[in-house]
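Thanks for making time this morning. Please bring the sequence and the model up on your screens, and I will talk you through some parts of it.

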Amino acid sequence: MIDEKILLTPGHTACAGCGEALAARLVIDAAGPNTIVVTNTGCLEVFSSTYPYSSWRVPFIHSLFENAAAVASGIESALNYLGKTDINIIAQAGDGGFGDIGLQAFSGLWERGHNVLSICYDNEAYMNTGIQRSGTSPTGANTGTSPVGKLSYGNPTWKKNLLEIALAHRCSYVATASISYPVDLQNKVKKALKIKGAKFIHILVPCPLGWGYEPYLSVKIAELAVETGLWPLVEYENGELKKVRKIKNIKPIEEYLSLQKRTQHLLLEENRHVLEIWKDFIKRNIEKYQLLETS
Amino acid sequence: MKQFLEGATSIAKTVALCRPGVIAAYPITPQTHIVEELSAIVANGELKAEMVNVESEHSAASCILGAVATGVRAFSSTSSQGLLLMAEVVFNIAGLRLPVVMCCVNRAVSAPINIWNDQQDIMTLRDAGVVLFFAESIQEACDLHIQAFKLAEDPAIMLPVIINIDGFVLSHGYEAVEFPSQEMVDKFLPPYNPPFKLDPQNPLTFGALVGPEWYLETRYAIHKTMLDEVPNKIKQIAEEFTKMFGRTSYGLYEKYKLDDAENIFVSFGSVAGPIKDVVDSLRERNEKVGLLRIITYRPFPQEIGDILLKAKKIIVLEKDISLGATGALYSDVITSLYISAHRNKVSCLPKILGYVCGLGGRDISLEEIEDLYRKEDLVESEFVGLKKENLGSFI
């Protein structure tokens, strides 16, 4: 059952169907009131803390675009100094704030092993500034700074693998999650907070505005990402793969791509080579995580 | 009892007496000895604190921001490029009204890369909303650290403070330094207990997005605190310090042989030492000369103009330059003088000579300082000690 404490209250200014707002609510409700939240600059901070209002019913601090991990390191050290080691600390950011500009600080946090849960809400582009590509945008994504044009099929590079980066830092707990599997997401947050050390959960959060679809489709699109093998739900403890959500029938990636304006053009014949990159990635996921359910 | 110690070691020992709970360390020359010594103090169990070996100065400033927001006193120190990397965090700390205290061991800014002393680095943060102290000696640097925590954490202030010390001259120089006892420092500096902090028992939001309808007032509030509250508090704390520790602390500025002075040097930092020697030597020859040494550079003391208005000639000597304009102190002195003249209905301003010296660690001699005193031509920011033969490579 979904744990609802309403620690991120309604009345904030996120867009209808915002995947990040839903994920952030699930995360904090799972973590509970004994939690301090540090958030990088981005949509989440903007829509939830516009002065003189705040949606946060837990202590919340936003400092800059790239320093949530370093601020959280200071908070954890301060709480250690005070002997208050029972308070949860979450350092969270969008994918740009996490995987690009904030990656150095998260690397420092993970390497030092602070007892902090890091959360990346990945909507695969800089959405707060109006949809520009990030290092975590997928190949072919049509964004403001990777537009489709006569000489361009969209974003030329594949997503940076944050999960592998976290694992390379020997984080004590590393997992992926999705808003379409809310109980799984909340269980992962609860489990991570029980484990000491640096933890990381990477959550795919579809963005109606940035991905170009009707708001009611957010949960469905997130579900398709899992069912196509694009976004495997996995869980590592101390570097060891412990759990994978198996899939009965892998759905075709075309179904996922066709629902979004940012990727519809990848179904055109001229972009077949780009589609192959996606299919190859999925194939590797299926093999690596043994995604197919065997009866 | 006095101890003959290196500047960086002395500062680290003094900071330890102030009992920070979190220290963020990142190496950069010439600051490194401070965090090394603090690491040793913590490793030896002489101070209970969390040492955080961060991965950059940006994270060092962010780390102590987080610690202070959680209600724990924190410290870090840096130099030059490190300070520039911290810059956006320091602006942020001031805006969040967090009483962070740091030491900046002043060093030239790259390029060309140069590890030696000048005061260009800190001028980057002149407008950040941070209180800036400049020390002349190692003893003063130590004393200012103790006062800085008390000032920053005062509920009426709640702003960051940076103590500036000249790289190598003070950080690596040796001096006989008086250290107060732990009991005395504890009495002077009570534990940090802020009214607002990150605490699940009382959940508050820090760092909200503020639109045009509120932002202007947040900036005015810092400015008003800087102008109205900080100077009085600095004077009060300096008096309290002098009384408790039996060592004079000047607070905003030091008036050195100014009573009948017609010609006044204005400067800050360790170069004040040689200037005092020159003043003494000129005084022996019956010259009416003195030094106005700025200790608190931000907020800029409003009396500076009034003090200088009586002079015939003012010689500003500083180790920084706003390239394409003038030295920073020079422009502050002129502004202050003009405002003072206007207030006092004085129409005749003293002659002002502006000099830039010591960039990138170039030495300035007593003879050169005395030469400046002899000059009469108005100059805005003339470079002292330029080697014409070197210029051919660059112009």
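Predicted model: local features only at pLDDT ≥ 70, side-chain atom pairs only at ≥ 80, totals over all residues.

Residues are numbered from 1 along each chain as its sequence is written, chains are lettered from A and ligands numbered from 1 in the order in which they are written, and side-chain values use heavy atoms, with hydrogens and water left out.

Let us start with helix 1 of chain A, residues 19–31, which spans 18 Å from its first C-alpha to its last, close to the 18 Å expected at 1.5 Å a residue. Helices here are DSSP runs of H or I with at least four residues, strands are runs of E with at least two, and both are numbered from the N terminus; the expected span is 1.5 Å times one less than the number of residues. Because 11 of its 13 residues are buried, helix 1 of chain A is largely enclosed by the rest of the structure, where buried means under 20% relative accessible area, with a 1.4 Å probe and protein chains only. Among the elements that cover those buried residues are strand 1 (35–39) and helix 7 (182–194) of chain A. Just after the helix, G32(A) takes a positive phi of about 90°.

Which residues touch the most other members of the largest nonpolar core? They are I162(B), V266(B) and Y297(B), in a core of 150 residues; such a core is a set of buried Ala, Val, Leu, Ile, Met, Phe, Trp, Tyr and Cys residues joined through side-chain atoms within 4.5 Å. Helix 6 of chain B, residues 138–153, gives the most to this core, with nine residues. A second, separate core of 33 residues includes A24(A) and V189(A).

Finally, chain B is assigned domain 1 (2–245) and domain 2 (254–391), with bounds that come from an automatic or database domain assignment. Their C-alpha centres lie 27 Å apart. Across their interface the rule finds four salt bridges, each a side-chain nitrogen of Lys or Arg within 4 Å of a carboxyl oxygen of Asp or Glu. The side chains of R293(B) and E136(B) also meet in a salt bridge, at 3.0 Å from N to O.

Note on methods. Buried < 20%, exposed > 50% of the residue type's maximum accessible area, 1.4 Å probe, protein only. Contact = heavy atoms within 4.5 Å.
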